[in-house]
Every structure is written in structure tokens, then in C-alpha cells.
Protein chains: 2
Amino acid sequence: MKITDAADFIKSCDNAFILTHRSPDGDTLGSAFALCRIMRALGKKAQVLYDGQLYDKFEYLKENLPDLEFEPRCIIAVDIADSKLIPAQYQNYSESVDLCLDHHGSNTGYAKRTYVDEKSAAAGEIIYELAELLGIIDSDIAKALYTAIATDTGCFKFSNTTPKTHRIAAKLMEYDFDFSAVNRAMFESFTRERIKLEQLLLSSLEYFADGRGVCMLISKEMMELSGASDDDIEGLAAIPRSIKGVYVGITMREKDDGYKLSVRTNPLVNACSICAEVGGGGHPAAAGGFISGSLKHAKETIIAISEKYISQVN
Amino acid sequence: MKITDAADFIKSCDNAFILTHRSPDGDTLGSAFALCRIMRALGKKAQVLYDGQLYDKFEYLKENLPDLEFEPRCIIAVDIADSKLIPAQYQNYSESVDLCLDHHGSNTGYAKRTYVDEKSAAAGEIIYELAELLGIIDSDIAKALYTAIATDTGCFKFSNTTPKTHRIAAKLMEYDFDFSAVNRAMFESFTRERIKLEQLLLSSLEYFADGRGVCMLISKEMMELSGASDDDIEGLAAIPRSIKGVYVGITMREKDDGYKLSVRTNPLVNACSICAEVGGGGHPAAAGGFISGSLKHAKETIIAISEKYISQVN
């Protein structure tokens, strides 16, 4: 499917439910709300569906966008690579998605029509192109799309960012919205509980392999002491690898029956290979896994595996 | 002076020393090394002068750029708003700067020729425009200019970023260099000492005014315990304001005779007004000052002032 076909389909449909993925992030939400605004500007009924409650920081996405009640005649999924990622309460739509707009190369093709551009850093880039094709964009749409693109690229920091990403950002910023307020909300706003948790887990850092490896613990006790919720954990696993000289940064999260691992590595070591040894997987620089049993067992196991990979670096 | 005049001047000069400002950052260094490479590509002798030792993270800027020995016939200052900001060991050039390229509206005009564009988020944007005018750009120059622009905009996050900033970033990224490695080095690389210091100072957080104010201490003892240096402190003062609900975030750094203050505020409170009450100053969202005497005195003083301003917010 070409993007012009996707635009034509949007023009042809009405009474649309726009689905976002589980544990919604700025890309799925920003893209969906932008598309919703575009469709309403085209005179259509459209409504964004999302998992649970919207986090405070995303509230502005639905400003001046009243909820509408209607029976859907069209289901659109945005940034959802697999129908399993549709939130539980909307799984009844998983077999009847009319159009899926996505940037994941791993998209399973579960929808009746799928437009995937895996060169896009964010689904927001695709919605921007649709907005251009449909000739509809205003400052609210620009703000939502900026949110989508900024969050999925770590504010243009990550390797998925392309020249096109920057060119789209330039065009979005010509509209009147406070992009730096968006960035503050997305990247520089933490709960007191999160800050307390960060302090606790920084005190748990244990270096190994002459400082080329480091292990950080998120225990149930720390979660309780800090009062932090799961939302507060976002991004913390990036801390260990950010320490100079570290090749392998491990975060161990205590669960009922063992420890959930997040392994981040620098380009000299493959995180996916490390995690594969405990039955996990992921990407070369970021992977995950699980080790059952005691903290001592889990830590010794993952450190021994990491040391092996670190020792292979010249 | 127009930018075309600046380009013409660069074409006409040779044996150039390129000055960077005290406590050099990514913008002054990236801009200066880019200009140095441009001038060498034009067949000229050019050399960057900087304060002290280059931090490790900036080493790549001088890759394949051997030091040259020559007597200067031309002095160029980059990103230096005031001749006082020229490093002490190069103050002998402060009266004889032939060309100053800068983006600070506060530039004092100390040079014989000055090109200032205060709409540029970074001096790097100006050097990019010169590179275009002079027709010389390669991947090393692009990498240096990307470094300059990314650091001065917090990777395109801060309010100084403009559509032009993004358009220049897009053009730079068309050259072959690893921009995400630059971003990791600039934004996601901390010493072990810095991480330890962060843990210590997060445990010093004291909330006031129902959590709308927070005060963080960097004591001499913490510096000693962590082994952190002054370089490691960069950016820490942004932490208090990043906490949700905080209007005024204060960082107090212990000095021999009192406490150096960094005050960061959200848009509802003016940091400069707060600091003015203790004889300090700065910008609306970030200001500084100094209070002599004990910790207790300094803390009570700045908290009382902050509470007054916070209480004025509806």
C-alpha cells in the first residue's frame, strides 16, 4: 500500500475509532490524536481509544477535542506492530482493523490494509505526510506530531533520527505551539517518587570487570520505600550504560519468582547474545531476560555471562 | 557586518589563531574546529586555541588535525561575547581580535570586525552558513558543527532551537558521521564520580512550600566522598526543577565563605527576581547568587524569598 492510498482510504472512511498500543507512549498517542484532529477537520467523526487513563503529561493532546459517542464504521490502528499489542479492552477489534499505519519493520500485517514505513523514526512522521497529502495541519496537529516524533527519537538524539525527521520538525515548528514546553513535559519532568527511587538505586550500583560492567538493582523494598509506580521506572535502565567506561549495564528488577533483567551495552558487546544465554532476547544494544531464584544467584549468573563477553573485547 | 563580508574576510586572511571561550563547551569548540578545518581546506594555516586540556569527550574534534606552529597574522574569536571570556593565557590577543563570530545579543563589540546573529541557537549555525558560502564541508566539519549545535540546544530540546536549526541539522546529517555517538558522548556519558555525587545530592533534597519548592545541597563533603570534580557538576542544577509540581528548584554549592546558589524556575516564577534579592541575577528561568555564612542561614534566606514568590502564584 502506498501512502497516497492510505490518504485516499482516510478520505473515504467515517465514524473512525483510532487505536493506540498498550502502555501508550508519545508516538502512538501523538500520532493518533493528530490523525483524529485531521479527520475531524475533514468533517468526520473520529475518536482515539487508549489503554486506561492518559498520563497527566499527555493531557494536552486532547485539549479542545471533546469525546464523541458513535458506533464505529472504521477501525484504524496507529503504531501497533502486532494485534496482540492492542489494549485488552479493545481486543474485540483486533480482527477488524481496516487500516494500520506503522513504522515497525516487524509489523505482522494483521490489518486489512497496512502502510508501513520502517525508515520513519516515528509513526508521527507518517501521519505528518498524510496531513500534508490531505492538506490539513494546524498548531494542535503540529504539537501532537512534534510530541510523537520527539518522544520516539529521544528528542532527535537516537540513531533512528534521519535528515527527514529534522526536516519535518522544522516544518512543524513553523506552527504556533510551545515545543520547549512539550520537551520539558516529555523529558524533564519526574515525580518525587521517581527521584527518590533513583537515589536508592544509584546506591545499589555494583561494578565488575574492572568497571567495564555495572549492575543496578530495583528491589521491591526500594519501590515501597520510594512509593514509585511502574511508570516511574521508565528510562532508568539507561543509567548503568551511561557511566564512562561501562560496556555492559545491567538493571535487575525484583519480581515474585526471580529477577527481570534489562541489559544495555555499548557497540563492543552484544546485549542480545548475553540475554540469549538466559533464554531472553532483544536488540544488539538493548535486550532483556529473566532469571528465577535468589538475588545472589541471578546476579552471579548475569555477571558471569557479561564478564565472558567483556573479556572478548580487545 | 554581513555574513558574506565575514566569508570574504576569512578568504583574505591566513595564519589564523581561532580563539574559544573560557570553560569551553561544545559550541565554541565545535565551531572553532569546524572553522579551522574549513580554513585548512582553503589552503591556509589555522589553529584552535583553547583553555587548558580538552575534555576526553571532545577529543574527536581534533582527529586528523595536526597542530601547526606559526606566528599568527589573524585572530578570530568564536562564540566569545566579551573579551573577558578569552582564556587567561590568551588575553594578550584580547585587543587584537580581527574577527568575532558570535550568536550572543550581549556581544560587547570588542573585535575589529563582528558578525553577530542572535537568532542562531548556536555559533555552529553561523559557521555552517560560512561553510556553505565558502563551499567547503565534509564529514569532519559536519560532525563538529553538529556537536556545536546539539550541545547548545540540549539536542534540539531548548527554546532557542528554531526551524532553521533543524534544517541545518538535516543537511549536516547527510554527511557520513555517527551523530548518535556524538549525542551519547555529549548527553549520556557520566563519570563514576558524577553518578556517586548524584546519589549523594538526591538524598539531600528538601521540599518546602507544599512541594512547590525544593532545595538541593552540593557540600564539600559530598564532593570529597564522591571524588567528583567541577566538570562533574555540569547540568546537576537542572534536577530540582525537573520534579513535578516544583516551581522553584534551588541548588546550593558550598564554598569557603558561604553558598553559591543556582535557582531554576518554571514560567510562573521569576528566578532572576528571586536572586536579585540576594544581589544576584540571571535570566527569568535560571539565575544565580551567593549567600555568605552558614548553611542554615543561607538555606533559610533563600527558602523564605522563594516562598514569597511561590505564594504570589495563583
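How many residues does the contact take from chain A and from chain B? In this predicted model, chain A contributes 38 residues and chain B contributes 38 residues. Together the two chains bury about 3,500 Å² between them, and 63% of that area lies on carbon and sulfur atoms.

Polar and charged groups also take part in the interface. Between chain A and chain B, 11 residue pairs are in polar contact, with both residues at pLDDT 80 or more. The rule for salt bridges finds 4 of them across the interface of the two chains. A salt bridge joins the side chains of A:Arg167 and B:Glu174, with a distance of 3.2 Å from N to O.

The side of chain A that touches chain B can be described by its helices. At least two residues of this side come from each of α5 (163-173), α6 (179-187) and α7 (192-202) of chain A. The largest share belongs to α5(A), which supplies 6 residues. By residue class, the side of chain A that touches chain B divides into 18 nonpolar, 12 polar and 8 charged residues.

The arrangement of the two chains remains to be considered. Chain A is superposed on chain B by a rotation of 180° with 0.0 Å of shift along its axis, and the RMSD is 0.0 Å. The two copies are therefore related as by a two-fold rotation axis. The same surface serves both copies, since 100% of the contact residues of chain A recur in chain B.

How values were computed:
Residues numbered from 1 in each chain as written. Chains lettered and ligands numbered in written order. Predicted model: local features only at pLDDT ≥ 70, side-chain atom pairs only at ≥ 80, totals over all residues. Heavy atoms only, no water. Contact = heavy atoms within 4.5 Å. Buried area = accessible area lost by both parts, 1.4 Å probe. Polar contact = N/O pair within 3.5 Å; in protein donor to acceptor, adjacent residues only side chain to side chain. Helix = DSSP H or I, 4+ residues; strand = E, 2+ residues; numbered from the N terminus. Nonpolar A, V, L, I, M, F, W, Y, C, P; charged D, E, K, R; others polar. Least-squares fit on C-alpha atoms with pLDDT ≥ 70 in both.
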